[in-house]
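The following exercises are to be worked with the sequence and the model at hand. Each task is followed by a solution in steps.

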Amino acid sequence: MTEMPNHATDTGPATPAEATTPGRAVPATPPPGPGGKRVRKRGERGPLASLALHLGLLAAVVVAVFPPFWLLVTSFKPRNEAFGLDLVKDFTTENYTHVLGETAFLTWFGNSVLVVVLTVALGVFIASTTGYALSRFKFPGMRPLLWTLLITQMFPVAVLIVPLYNLMAKFQLLNQPIGLVITYLTIAVPFCAWMMKGFFDTIPISIDESGRVDGLSPFGTFWRLVMPLAKPGIAVTGFYSFVTAWAEVAYASAFMTGEDELTLARGLQTFVNQYTQDWGSMTAAAVLIAVPAALVFGFAQRYLISGMTAGAVKS
Amino acid sequence: MRRALSKHWYAWTMIAPVVIVIGVIIGYPLARGVYLSMTNADERNVERTIGARTLEATYEFVGFDNYVEVLTGDAFWGRMGWTILWTVSCVTLTFAIGLALANMLNRKVRARALYRVLLILPWGVPAFVSIFAWRLLFNDDGVFNGVLTGGGVEGVTWLEDPTWAKIAVIAVNVWLGVPFMLVATLGALQSIPGELYEAAEMDGAGPWQRFTNITLPSIRTVSSTVILLSTIWTFNMFPVIFLLTQGGPYGSSEILVTEAFNLAFVRSPRDFAGSATWGVLILLILMIFAVFYRRSLRKQGEVW
């Protein structure tokens, strides 16, 4: 993430001279067409169009990259210069040492990791068998289940948060990571089951049949033959569950209140609010939160792109 | 019945975990939420534990009183108007920008892979982290104002002016949403056979005609799905408003979902019944929208 912006400016502008020859170069100059216009082959652009294309993409890249980039830059500035406009004047890591050493950040980090691991493991595991059953079998109750999965994804936080809060209070699960895991499963499970169904749909049914012919039970077929092929699906649903648990704000803000029980999404809010304005610590903590997420994203990214289309959209 | 059981038992066993999970942690709370919305529950009369003592719940059933109160008051409709404006502008802008960028990436262009990675970068950063990054930029002493004052223009109090605050939250939400749109529409664009464009070009169709007559119809299935998803997500988008402006200034950027949250968890005394009522109403609005959306797609001959 660090060097990306430079990267962009290095390769980005692709000097107009180069950009005029996308793909293969045009051999010599084609004879000028009527009216002095150069005749271009299909799919080729003039130098101006190429320049405009690159400028447009570059502008978009700058907008996309700048906020996280600036967060990163600010995290290395001394606390009282958080709003300086210069890139690096007095490089310091004091924000990081402060956040790691003198705040409860590491505790929050641990809480978040615990919640994330449980949510991902449970969410993906529970959802995959259902996705498989929905994709392969026709059984009574299939359509209502599909509809339920779809409709629950429309549920606003607002409709479940109050009853869940009261239930958690009743069972003493407020301020407990497990309470948050249960809550996140309400978000992750319907989505994952729906996505997994889409993925299993793309795996040819002949594979199942060959497994059955070789004497595997339906569960055996699922577990030994189909699951290993559904890795992209697992990556996408795992990523989704991860993001849900790592970055959810509303439930975490309502259910977790004790200083030592906060998750990262709630903890970050404590640095900048109406009482304190500790931008230095906030930026350092934000970077530390973003790095694991970026790593997971980088890993899941190639599956996401194929998966989004195969799983969600075509189903 | 026995035959059905012996034939379908494995399918039913496989879906059992999800059915149980949905029933216990979604179905039951949902039913309870609907029930709560018909009571006068607030923080003083729900079941709660103080020290070792547990106080019994003492709230009562009040029927549709809450709904009457909410629907005849100004607060709900005021928030509703802004929520619709917010949703429409966010979805339109996100889709337009996402599709435009996807179109730019769907041609031969140098460093295409690099552009793509950088453009979906916002997706890889947790949303709440990005929102704090934007707060840093929008701050009174932040980069935007720094640049403005540097250029001799007076700075803007972005998040303290009702109009600018609204523009700011929309901008941030669009920024967060474009990568998803970009990826989804790029996938759809890549599946359009190139011959279609060749044929259209032979027939003398200009770029804009090709876009409206080939591109848009070809990606219809994908775009109708992502627009529906994006509408629902934006309508329910909690963190952007809650973390960027806290609904301010003076509640002007509060959408329905954040307001419902405030009723139960921010304002005092906590009004659980009122919040549940808002929650149920929001769900109803979304479901009505989804039904109409689906019907209008069907009318246009879509088998979705």
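**Exercise 1: A helix pair within chain B**

Helix α1(B) passes α14(B) in a left-handed crossing, where left-handed means that the near helix is turned anticlockwise from the far one by less than a right angle, and right-handed that it is turned clockwise. Helices (H or I, at least four residues) and strands (E, at least two) are DSSP runs, numbered from the N terminus. This is a predicted model, in which local features need pLDDT of at least 70 and side-chain atom pairs count only at pLDDT 80 or more, while totals for chains, interfaces and linings use all residues. Residues are numbered from 1 along each chain as its sequence is written, and chains are lettered from A and ligands numbered from 1 in the order in which they are written.

Task: Determine at what angle the axes of α1(B) and α14(B) cross, and which residues meet.

Solution. 
1. The two axes come within 8 Å and cross at roughly 115°; axes are lines fitted to C-alpha atoms, for helices over the stretch in contact, and angles run from 0 to 180 degrees between N-to-C directions.
2. From α1(B), Gly33(B), Val34(B) and Leu36(B) meet Phe272(B), Ala273(B), Ala276(B), Gly279(B) and Val280(B) of α14(B). Residues are in contact if their C-beta atoms, placed from the backbone, lie within 7 Å.
3. By class, this contact has 6 nonpolar, 2 polar and no charged residues. Ala, Val, Leu, Ile, Met, Phe, Trp, Tyr, Cys and Pro count as nonpolar, Asp, Glu, Lys and Arg as charged, and the others, Gly among them, as polar.

**Exercise 2: The chain interface**

Task: State how many residues of each chain are in contact, and which helix of chain B gives the most.

Solution. 
1. In total, 81 residues of chain B are in contact with 83 residues of chain A.
2. Helix α1 (residues 2–36) gives the most to this side of chain B, with 18 residues.
3. That side comprises 60 nonpolar, 12 polar and 9 charged residues.

**Exercise 3: A covered helix**

Task: Identify which residues of α13 (residues 256–265) of chain B are buried, and what covers them.

Solution. 
1. A residue is buried if 20 or more other C-beta atoms lie within 10 Å of its own, exposed if 12 or fewer, and partly exposed in between, with C-beta atoms placed from the backbone.
2. On this criterion, 9 of the 10 residues of α13(B) are buried, among them Leu256(B), Glu259(B) and Phe265(B).
3. The cover includes α7 and α12 (250–255) of chain A, together with α3 (74–105), α12 (239–244) and α14 of chain B.

**Exercise 4: A loop residue**

Task: Explain why Leu216(A) counts as partly exposed, and locate this residue.

Solution. 
1. Leu216(A) is placed in the loop between α9 (205–213) and α10 (218–229) of chain A.
2. Leu216(A) counts as partly exposed because it has 16 C-beta neighbours inside 10 Å.
3. Leaving aside residues up to four places away in sequence, Leu216(A) touches Gly211(A), Thr221(A) and Arg224(A).

Technical notes. Two residues are in contact if their C-beta atoms, placed from the backbone, lie within 7 Å.
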